[in-house]
There are 4 protein chains.
Amino acid sequence: MAINRNSLRGKLFIIIFGANTKRGRLFDVFLLWFILISILVVCLESVPKIRDQYESVFFYLETFFTIIFTVEYFLRIYSHPKPLKYLLSFYGIIDLLSIIPYYLTYFSPASHYLITIRILRLLRVFRILKLSSFVHHAQVLKSALASSLQKITVFMLFIVALVLIIGTIMYVVEGEENGFTSIPQSIYWAIVTITTVGYGDLTPQTSLGQVISSIVMIMGYAIIAVPTGIVTVEMSRSQPPVASKVDQAECLSC
Amino acid sequence: MAINRNSLRGKLFIIIFGANTKRGRLFDVFLLWFILISILVVCLESVPKIRDQYESVFFYLETFFTIIFTVEYFLRIYSHPKPLKYLLSFYGIIDLLSIIPYYLTYFSPASHYLITIRILRLLRVFRILKLSSFVHHAQVLKSALASSLQKITVFMLFIVALVLIIGTIMYVVEGEENGFTSIPQSIYWAIVTITTVGYGDLTPQTSLGQVISSIVMIMGYAIIAVPTGIVTVEMSRSQPPVASKVDQAECLSC
Amino acid sequence: MAINRNSLRGKLFIIIFGANTKRGRLFDVFLLWFILISILVVCLESVPKIRDQYESVFFYLETFFTIIFTVEYFLRIYSHPKPLKYLLSFYGIIDLLSIIPYYLTYFSPASHYLITIRILRLLRVFRILKLSSFVHHAQVLKSALASSLQKITVFMLFIVALVLIIGTIMYVVEGEENGFTSIPQSIYWAIVTITTVGYGDLTPQTSLGQVISSIVMIMGYAIIAVPTGIVTVEMSRSQPPVASKVDQAECLSC
Amino acid sequence: MAINRNSLRGKLFIIIFGANTKRGRLFDVFLLWFILISILVVCLESVPKIRDQYESVFFYLETFFTIIFTVEYFLRIYSHPKPLKYLLSFYGIIDLLSIIPYYLTYFSPASHYLITIRILRLLRVFRILKLSSFVHHAQVLKSALASSLQKITVFMLFIVALVLIIGTIMYVVEGEENGFTSIPQSIYWAIVTITTVGYGDLTPQTSLGQVISSIVMIMGYAIIAVPTGIVTVEMSRSQPPVASKVDQAECLSC
């Protein structure tokens with residue numbers, strides 16, 4: 001459990017998991033850039049024109065980054081005093097998920113795009129690099145959202161019930177000939193409408209359908225006020241924790 | 001009025017309407033699942049592909065669930081000390097409405113989809129199962145909304161008047177050749193626009209129409225702030241009632 | 001200036017402008033229904049199918065209501081102690097505007113639809129009928145909006161400048177071949193986008209255009225918070241005036 | 001550094017940069033109108049129909065305004081006690097940017113539309129003309145936004161990560177045949193959806209895609225509450241500064 005700072009594992013642990021030494025910080029900065037560039041590579045690769053031209057370049061770059069991250073993953077397991085704890089931790093799972101898609105390419109070609117989940121790895125980098133004001137504000141937001149979570153869940157259940165009933169009514173009113181081909185499809189329309197997204201791929205065609213839609217939209221107008229009200233009230237209640245408190249709580253083992 | 005706990009009616013009443021006994025709770029859990037599955041069946045049945053393949057299965061399932069709920073409905077009437085009070089109560093009407101559509105299928109085939117109104121039956125299940133924190137938060141939301149209802153009604157009347165005038169102006173400006181075929185149609189457009197839903201099935205084509213639309217949209221931007229402001233202020237005012245108070249107020253007879 | 005309650009003018013004044021006598025209240029209730037029905041007639045008349053069938057019915061109904069309102073208008077002028085003051089008051093202008101469109105039909109057929117401006121006449125009816133709780137809440141909303149008006153104006157000027165610059169950039173980036181045919185057209189697009197209406201009649205086609213749009217949308221996401229914040233803060237500041245104060249301030253002469 | 005009020009440079013400085021003398025104010029009012037008209041000219045010129053008819057008129061007007069603003073720019077440099085400070089100041093750069101596009105027309109014809117950046121010059125005019133209540137409210141808004149900037153940045157980073165992951169998932173689920181031709185394209189869709197803009201140029205076609213979209217939309221519904229909450233809380237915290245304080249802080253040199 002105690003870290004032997006002179007052993008190889010101890011040194012690796014301090015570099016990889018810590019950010020207090022010069023080497024540790026350098027490691028994290030490199031990691032930050034590797035993550036960003038590897039995501040950029042995946043994004044660019046998905047563009048047909050670019051992919052056709054530089055297919056092999058992208059393959060080598062992805063292989064390169066995945067090898068780097070795989071090696072890093074095993075070094076993390078090796079150097080951590082409690083490997084299993086790391087493996088099952090939030091960051092351990094993210095680390096694994098961000099290398100697996102590459103190896104799954106052999107089974108399902110499209111899956112390797114899921115590599116973009118690597119962006120979640122930045123969470124650790126932000127935390128390790130002690131971008132304290134960011135972490136601080138994130139904490140405030142997080143606690144406000146956490147305390148309003150239950151209210152928002154109740155609200156969401158209400159929305160789900162509402163959307164189900166509206167969807168059914170519109171399915172019966174508009175019918176399959178107007179694009180409302182099934183209740184799930186109509187529920188999709190109801191969600192698109194009540195959240196004010198309004199794609200317009202499905203729109204009411206009958207007069208009665210338009211009247212019902214109008215009522216749904218005006219309801220949505222009033223309903224959107226509710227989550228906003230919840231979050232605002234929780235935010236104004238939650239006293240901002242002192243920044244130094246966040247800094248103290250540094251956790252080397254995560 | 002007093003419930004005879006040893007008679008059949010008394011026992012049934014405690015099981016069906018209550019949730020304090022083991023059997024009563026079991027009954028509610030079964031009911032919860034029956035409601036959810038019966039809704040899922042109706043939703044799946046509406047999907048053309050699935051319906052064509054499993055038409056008879058869906059028919060038997062729906063018949064099964066409706067028989068269950070019909071028997072339950074009559075048992076509720078039988079076991080309730082004041083049957084008429086139950087029949088005319090909010091939950092009594094919901095219970096009736098959630099079985100009627102099935103029997104109406106013989107007259108109007110599409111109507112049986114309205115069975116999804118069964119989702120409202122979950123309200124009772126939540127209440128009976130004493131998911132107290134949910135009920136508590138729902139109470140807070142409800143009281144905040146209730147106290148802001150009058151302000152929101154005034155606001156809605158204002159929106160209706162505004163939407164009527166904007167709709168008329170756009171009908172005169174754009175005319176029938178641009179899709180604004182009638183004033184009700186133009187009012188529908190105005191609601192779609194001012195609520196920021198924006199389907200795009202009707203859009204202004206003339207320059208003047210686009211200028212007016214732009215003004216309407218920017219107005220809608222400012223107007224959406226009003227219901228949010230109302231609800232937020234009411235929410236921050238309403239002191240959250242103590243959770244235990246809600247728990248005490250258990251009503252066996254509903 | 002003093003109203004002679006026994007003269008014809010005085011009696012008419014009390015009936016038409018007041019709501020304290022039984023006749024006065026009856027007059028206002030009749031007015032309320034006449035306004036609502038006349039608006040409904042205009043709305044229905046604009047629907048092509050209905051118009052073709054009942055063209056003459058609509059013409060007679062509209063003529064009937066306009067004669068009623070014209071007579072009422074002249075009676076108001078006749079009975080008011082200061083006719084000129086009434087003519088130039090807010091309600092006097094509304095009263096005039098709600099009968100003029102009918103007479104303009106001879107010059108411009110479409111204009112008579114503007115009769116729907118009659119809905120503004122309901123403002124007086126609400127006020128006269130002392131729907132006090134409505135009036136009270138309207139007062140609270142009005143004062144909160146009035147005190148936040150200047151802040152919202154500054155904000156709107158900022159939006160106008162922003163939308164002009166974004167529109168120009170998109171016009172240069174997308175060009176006429178992608179539907180952004182002019183700067184005013186592009187400004188229209190920018191307003192549709194930043195207010196999150198999103199019709200989809202104009203959408204960015206180039207990659208650069210989509211990147212700029214994405215930034216504009218995310219900005220719009222943060223910007224929409226500003227008017228909401230302004231109104232909410234003003235509303236929580238404005239102490240709700242006591243209801244009785246509003247009731248006292250009845251103004252017979254308006 | 002001291003301004004010699006009797007020299008030509010000193011007199012010019014007081015007229016051009018100040019607004020305390022009659023001439024100085026007149027200069028600013030002229031500038032205000034010149035800016036507005038020159039922007040209007042550029043906007044009108046971009047409309048194909050109008051451009052074809054008055055092409056030469058627009059050319060002469062633009063040349064006229066650009067000469068005026070160029071002369072003004074050099075007079076500002078000449079008369080300012082510290083020319084370099086002016087050149088590198090915010091307003092100095094805006095002044096330069098608002099004349100450059102005209103001269104770039106020879107290289108890239110479309111670029112001269114960027115002249116609309118001149119609207120930013122109005123910022124100075126507002127400030128100089130001491131539209132104090134506007135400036136005051138702008139200050140309040142600015143300080144509230146500034147103090148919530150960090151929280152909003154954290155929130156924006158979260159949105160960017162979310163949108164990247166959602167975009168990737170939808171790219172894999174929907175695929176190129178449904179219009180999600182690349183990850184950047186899918187990210188564009190995710191932004192259009194989560195900000196509730198909803199153009200409808202890209203919409204999910206598969207059932208799984210519609211389910212994921214529905215979840216994204218409902219999430220967006222809750223997420224939109226966050227920036228609103230942040231801004232509202234900051235606004236209610238920030239005590240409005242006394243108006244007179246803003247007036248005192250007049251800066252002749254900017």
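Helices here are DSSP runs of H or I with at least four residues, numbered from the N terminus, and the expected span of a helix is 1.5 Å times one less than its number of residues. This is a predicted model, in which local features need pLDDT of at least 70 and side-chain atom pairs count only at pLDDT 80 or more, while totals for chains, interfaces and linings use all residues. Residues are numbered from 1 along each chain as its sequence is written, and side-chain values use heavy atoms, with hydrogens and water left out.

I begin with helix α11 of chain A, residues 207–223. Its 17 residues reach 24 Å from first C-alpha to last, close to the 24 Å expected. Among the buried residues are I212(A), V216(A) and Y221(A).

Next, chain B. Helices α1 (residues 8–17) and α3 (residues 48–79) pack at about 125 degrees, their axes 9 Å apart; the axes are lines fitted to C-alpha atoms over the stretch in contact, and angles run from 0 to 180 degrees between N-to-C directions. Contact, meaning heavy atoms within 4.5 Å, involves residues including L12(B) and F13(B) of α1(B) and L75(B) and Y78(B) of α3(B).

Finally, R51(A) lies in helix α3 of chain A. At 15% relative accessibility, R51(A) counts as buried. Its contacts include Y113(A), Y171(D) and E176(D).

Notes:
Chains are lettered from A and ligands numbered from 1 in the order in which they are written. Helices (H or I, at least four residues) and strands (E, at least two) are DSSP runs, numbered from the N terminus. Buried means under 20% relative accessible area, exposed over 50%, partly exposed in between (1.4 Å probe, protein chains only). Lists of a residue's contacts leave out its neighbours within four places in sequence.
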